[in-house]
Amino acid sequence: MLPLPVLEQAAAEMTNYRGSGMSVMEMSHRSQVYIDIFDETKANLKRILKIPDTHEICFMQGGATLQFSAVPMNLIGKTGKADYAVTGNFSELAMKEAQKYGEVNIACSSSDKKHTYIPSQGDIKLSQDASYFYYCANNTIYGTEWKYTPDTGSIPLVSDMSSNMLSVPVDVSKFALIFAGVQKNMAPAGMAVVIIDKSIAGNEHPLTPKLMSYQLMIDSDSMHNTPPCYTIYILGLVLKWLETQGGVEGMEKIKSAKAKIIYDILDDSKVFIGSAEPGSRSDMNVTFRTHSEELDAKFVKEALAAGFDNLKGHRVTGGMRASIYNAMPFEGVQALADFMRKFELENK
Ligand SMILES: *Cc1c(COP(=O)(O)O)cnc(C)c1O
């Protein structure tokens, strides 16, 4: 979801952005009117996430998935090795991609319990000479979320935060690199936000495509070629909306309260079963099921008829998944909770 006020403002500015006589879609990325949008968006993101001056924000195309390749192409060369935490579908894909470029050590994995939990710090087996340690902060499909930032000592920390970015404060100084495909919590699809410690860039494999080089992205301020201008503009509107919600600190309180509404139902229920272990539960993606696939299908069908879209779980997990990203209003969560209670009474 995108926040309704953002969509309304975009609609109002669609054909003539603030008297410029143009839509943002039509602007040259080198025009002053667009540069102002770009610079303000970057400055707001820097302020909202308290990004230190050691780090740079890059806007890169290819979504989160291209970062699965860009990370090893740019970073693994230092020692030829990297450590990966495999806690779900996306970290597994990232790990497999990294294997093309170097030696990969699986530092920890939750595959023994179908990715229903997040390994503890003690479970992480680091290599001494890893170029970086990689983990996915929120496992969108399995509905688990890291509640702590792994301590990796001197090994640079890399994280995919595609599905929980801007929902919690992050101490960016602890990370060498954070990336997020924007379409879950930030903007329309088509871009990844990359926040990179500038000192880690510049060691990419010689065959790294130009547009995947972090150093080039930093040096060109993400403008080596035409960036996804409209997506960046919408991100700017989303950031302004986020500030009206109290920024990431405000969002943290809101998202915890929203998720608790659904988790309380799961904990009380005799029909619904939460998929993730309680200590590892995601506040963005609540995964659950019933005792049978038939009843799961009935739930999804009746929910759809009642106006609840996208509740079917991912095809690799089955069951159900309620994604409650930042823009989902309280009323939406409350309505789902009421529907679940009604379904429970009718299907005991
Ligand atoms: C959705 C998602 C991806 C994939 O994003 P694309 O932009 O489609 O490549 C990767 N990682 C996580 C955690 C996701 O939620």
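**The ligand and its surroundings**

In the side chain of Lys184, an N or O atom lies 2.6 Å from an oxygen atom of the ligand. The model discussed here is predicted. The points below describe the ligand site, then the pockets, the cavities and a sheet.

*Contacts with the ligand*

- The protein buries 85% of the 390 Å² that the ligand exposes when taken alone.
- A polar side-chain atom of Gln183 is 2.9 Å from an oxygen atom of the ligand.
- The side chain of Asp160 has an N or O atom that lies 2.6 Å from a nitrogen atom of the ligand.

*The shell around the ligand*

- The ligand is surrounded by 13 residues, and the closest of them are Thr65, Thr140, Asp160, Gln183 and Lys184.
- By class, the shell around the ligand is made up of 7 polar, 4 nonpolar and 2 charged residues.
- Which element gives the most residues to this shell? Helix 3, which covers residues 63-75, gives the most, with 4 residues.

*The largest pocket*

- The volume of the largest pocket is about 420 Å³.
- This pocket is lined by 18 residues, and those closest to its centre are Asp309, Asn310, Ala322, Ser323 and Met328.
- Two or more residues of the lining come from each of strand 12 (320-323) and helix 9 (330-346).
- The lining of the largest pocket divides by class into 9 nonpolar, 5 polar and 4 charged residues.

*The second largest pocket*

- The second largest pocket has a volume of about 320 Å³.
- Its lining consists of 17 residues, of which Trp146, Lys147, Thr149, Val168 and Pro169 are the closest to the centre.
- In the lining of the second largest pocket, 9 residues are nonpolar, 6 are charged and 2 are polar.

*The cavities*

- How many cavities of 30 Å³ or more are counted in the model? The count comes to 3.
- The largest cavity holds about 80 Å³ of space.
- The residues lining the largest cavity are Tyr17, Arg18, Ile37, Glu40, Thr41, Asn44, Tyr233, Gly236, Leu237 and Lys240.
- Helix 2 (32-48) supplies at least two residues of this lining, and helix 6 (229-244) also supplies at least two.
- By class, the lining of the largest cavity has 4 nonpolar, 3 polar and 3 charged residues.
- The second largest cavity contains about 60 Å³ of space.
- Among the 13 residues that line the second largest cavity, Pro3, Asn185, Val238, Asn326 and Ala327 lie nearest its centre.
- The lining of the second largest cavity includes 10 nonpolar residues, along with 2 polar residues and 1 charged residue.

- An open sheet is formed by 3 strands in the order 10-11-12, and the pairing is antiparallel.
- Strand 10 (273-274) and strand 12 are the edge strands, and each of them pairs on one side only.
- Which residue in strand 12 is the bridge partner of Phe288? The partner of Phe288 is Met320.

Definitions and conventions:
Residues numbered from 1 in each chain as written. Predicted model: local features only at pLDDT ≥ 70, side-chain atom pairs only at ≥ 80, totals over all residues. Heavy atoms only, no water. Near = heavy atom within 4 Å. Polar contact = N/O pair within 3.5 Å; in protein donor to acceptor, adjacent residues only side chain to side chain. Areas by Shrake-Rupley, 256 points an atom, 1.4 Å probe, with all protein chains shown as cover. Nonpolar A, V, L, I, M, F, W, Y, C, P; charged D, E, K, R; others polar. 1 Å grid on protein atoms, 1.4 Å probe; cavity = no way out; pocket = protein on both sides within 12 Å on 5 of 7 lines; lining within 4 Å. Points joined across faces, edges and corners; volume = space filled by probe spheres on them. Pairing = 2+ DSSP bridges.
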